[in-house]
Amino acid sequence: MWDYSEKVIEHYRNPRNVGKLDDADAIGIAGSLACGDQLKIYLKIKNNIVVDAKFQTFGCGSAVASSSILTEMIIGKSLDEVKKITNKDIADQLGGLPPEKMHCSVMGYEALEDALKNYDDYVDLDDLREEPVKEKIICQCFGVTENQIWDAIKHNGLKTVEEVTNFTKAGGACGRCKDAIKDIIDTYYKKQEKEENTSLSPAQKILKISKVIETQIAAELQKDGGDITLVDIDGSKVYVKLRGKCSGCKNAMMTLKGFVENTLKEAVDKNIEVIEVE
Amino acid sequence: MNLIYLDNNATTKVDDAVLSAMMPYFSEQYGNASSIYEFARSASRAVQNARGQMKDFFNAENEKDIIFTSGGSESANLAIRGVLNMNKNKRHIITSKVEHPCVLNLYNQLEKEGYRVDYIGVNSNGELDLEELNEKVNFDTALVSIMFANNETGIIYPIQKVVEIVKSKNKETKVFVDGVQAAGKINIDVQELGVDLLGVSGHKFHAPKGIGALYVNPKTLITPLIIGGHQERGKRAGTENVPYIVGMGVAAGLAKDGLQYEATEVKRLRDKLETNLLKNIYNARLNTGVVNRVPNTTNIGFEYIEGELILLHLSDIGVCASSGSACTSGALEPSHVLRAMNVPFTSIHGSIRFSLSKYTTEKEIDYVIENMPPIIEKLIGISPYQDELAAIKKLKA
């Protein structure tokens with residue numbers, strides 16, 4: 001049996017705002033019958049305020065609870081506030097969901113997003129996110145798009161394929177898209193790291209360089225009996241003292257320097273130049 | 001609130017007589033059945049006695065044909081790997097699409113190890129495609145494994161016919177039967193069936209969890225899975241689990257005696273439950289054909305509502321059942337058995353399996369018949385498929 005929170009149990013036993021709004025201003029749908037869960041959300045909007053919301057859900061206990069609490073979360077809120085709601089907020093409001101059930105909260109978020117997209121005055125969420133539209137379907141079995149996976153990674157800090165499956169179902173059936181999911185995860189974190197690095201202040205950059213040397217480079221060199229000491233940093237110039245296993249051998253030292261430089265370029269800044277000091 | 005346990009295909013209550021037969025072997029008769037001194041003799045005799053009870057349960061020729069295991073999964077693994085290891089020159093296996101995961105996942109693994117596996121399909125009634133089976137058996141087929149009865153639907157497969165077909169195509173091909181869901185529900189006669197190996201699990205027929213048995217006929221050679229001591233004639237190492245073996249022996253005797261009750265009374269209650277739910281709930285649909293089924297099982301789909309949600313609400317009124325929906329297991333895909341039968345998704349996700357036992361009472365069945373319709377009515381109200389539901393209602397009226 002699932003370890004559902006009190007709040008989840010309370011909501012699937014007594015779901016709030018069940019039904020349909022005949023004069024809805026926006027309707028959003030997420031999920032499908034084949035996948036085993038579908039959520040329809042109806043919004044009544046006046047002067048940019050959600051004045052009423054109702055839902056109909058085909059799904060398990062946590063899907064009903066996610067839908068139910070979502071309607072409670074948005075009624076009375078302005079559209080600007082509603083747009084900020086993520087799946088994580090839904091799960092948090094429910095006092096958490098079992099990892100395998102996180103996709104229920106994602107479905108709530110997607111239905112809401114769909115409803116807002118369908119609302120006339122609405123500005124495309126993708127523009128707000130400043131991220132490219134990625135409607136390419138990654139998981140054929142559950143019809144999960146690249147964009148949905150990207151969002152789930154972003155909002156929940158997902159790191160593994162298994163986590164992505166728990167949150168979006170992608171990869172949960174035939175598993176053929178697992179490589180593609182891994183690629184999206186890698187791309188996301190590479191992109192994030194790049195963004196972090198371009199906005200690094202000089203002090204942050206120094207800290208980052210010394211951290212990379214300490215955790216990645218020194219550890220690697222020490223395996224072979226070598227070592228590295230950071231001497232100074234001046235802009236993009238990094239002065240280090242190197243000690244290789246075959247210190248004195250010029251070729252070996254060149255290779256070593258190349259390894260250090262490439263690692264720092266990759267991790268911190270592509271303009272970094274490593275200078276060896278005696 | 002009383003507990004109404006209708007999930008006996010998952011596990012069963014240990015019979016009081018079984019438990020009391022086991023107790024002395026924890027406290028007084030704790031000897032190792034393999035020791036030679038007088039004190040251990042009663043443990044050794046108890047194991048021997050239980051072996052005899054299992055022999056009778058299977059109607060095997062000889063007590064030596066019985067190997068005690070830890071349960072259904074081990075029995076299946078021992079049988080399948082054991083046969084394949086003894087027939088290294090053959091690389092082909094045939095099974096069905098509706099086997100239990102303990103068998104299917106093993107075959108997936110064997111495919112990775114280089115075996116070719118054919119998965120025989122079923123029709124929408126759940127009946128096995130025997131023609132397909134006939135076509136697939138060839139000189140390279142080491143093993144055919146078909147379950148006796150399906151855990152989700154209760155459908156009984158024609159094992160005797162399967163054996164005839166297989167042996168007529170290739171005498172050397174061995175037939176393993178996963179008998180876990182048949183044990184205690186219908187008669188198992190390995191000689192009449194003509195099977196080479198058949199596995200059962202004690203906890204499905206009122207013995208405790210953690211004990212099972214594998215029947216291996218004398219003409220079938222297998223290698224052990226667990227290597228170690230000489231127990232079970234070298235086929236399964238490990239100190240004999242005396243109290244559990246004793247318990248399963250007693251349970252097997254009781255089960256054999258209770259088959260008539262299963263076939264009449266348990267079946268009557270199952271049919272009553274099934275008929276009334278189908279009659280009183282408009283979106284209810286029988287997920288199997290009215291084919292040969294074990295007497296205790298029914299699988300009903302409640303269209304356009306989801307199984308886990310039904311189970312949670314049943315649990316709130318004290319009723320235990322199970323579902324083939326994707327959500328209940330943590331797997332994201334719904335029942336492979338119902339999908340193999342082409343049951344529509346609208347019904348698979350809302351499928352509920354009730355499985356009764358000798359302890360199920362008429363009062364309990366009446367309680368479910370009375371209390372389930374309002375639950376379904378409430379959940380129908382939440383469904384986004386109101387138009388489709390209205391159409392079914394009209395059709396049924």
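The model is predicted: local features need pLDDT of at least 70, side-chain atom pairs count only at pLDDT 80 or more, and totals for chains, interfaces and linings use all residues. Residues are numbered from 1 along each chain as its sequence is written, and chains are lettered from A and ligands numbered from 1 in the order of writing.

Chain A contains eleven helices and eight strands. Helices (H or I, at least four residues) and strands (E, at least two) are DSSP runs, numbered from the N terminus. The radius of gyration of chain A is 25 Å, whereas a compact globule of 278 residues would have one near 19 Å. This radius is taken over C-alpha atoms, and the globule rule is 2.2 Å times the number of residues to the power 0.38. Along the principal axes, the C-alpha atoms of chain A fill a box of roughly 80 × 40 × 35 Å. Of the 278 residues in chain A, 38% are buried. A buried residue has 20 or more other C-beta atoms within 10 Å of its own; exposed means 12 or fewer, partly exposed in between, with C-beta atoms placed from the backbone. Among contacts in chain A with a separation of 6 or more, 54% join residues 24 or more positions apart. Two residues are in contact if their C-beta atoms, placed from the backbone, lie within 7 Å.

Chain A divides into domain 1 (1-127), domain 2 (131-199) and domain 3 (202-276). Such bounds come from an automatic or database domain assignment. The centres of domain 2 and domain 3 of chain A, taken over C-alpha atoms, are 32 Å apart.

Ala, Val, Leu, Ile, Met, Phe, Trp, Tyr, Cys and Pro count as nonpolar, Asp, Glu, Lys and Arg as charged, and the others, Gly among them, as polar.

Chain B is assigned domain 1 (16-257) and domain 2 (260-388). Their centres, over C-alpha atoms, lie 29 Å apart. Contacts link 19 residues of domain 1 of chain B to 21 residues of domain 2 of chain B. The domain 1 side comprises seven nonpolar, eight polar and four charged residues.

Strand S7 (residues 197-201) of chain B is largely enclosed by the rest of the structure, because five of its five residues are buried. B:Leu197, B:Gly199 and B:Ser201 point one way, and B:Leu198 and B:Val200 the other. S7(B) runs parallel to strand S6 (residues 174-178) of chain B, joined by three bridges. There, B:Phe176 has B:Leu197 as its bridge partner. S7(B) is antiparallel to strand S8 (residues 212-216) of chain B, with five bridges. B:Ser201 stands opposite B:Gly212 in S8(B).

An open, antiparallel sheet of four strands in chain B has the order S9-S10-S13-S12. Strands pair if DSSP finds at least two bridges between them. Strand S9 (284-286) and strand S12 (322-323) of chain B are the edges, each pairing on one side only. Three bridges join S9(B) to strand S10 (residues 297-302) of chain B.
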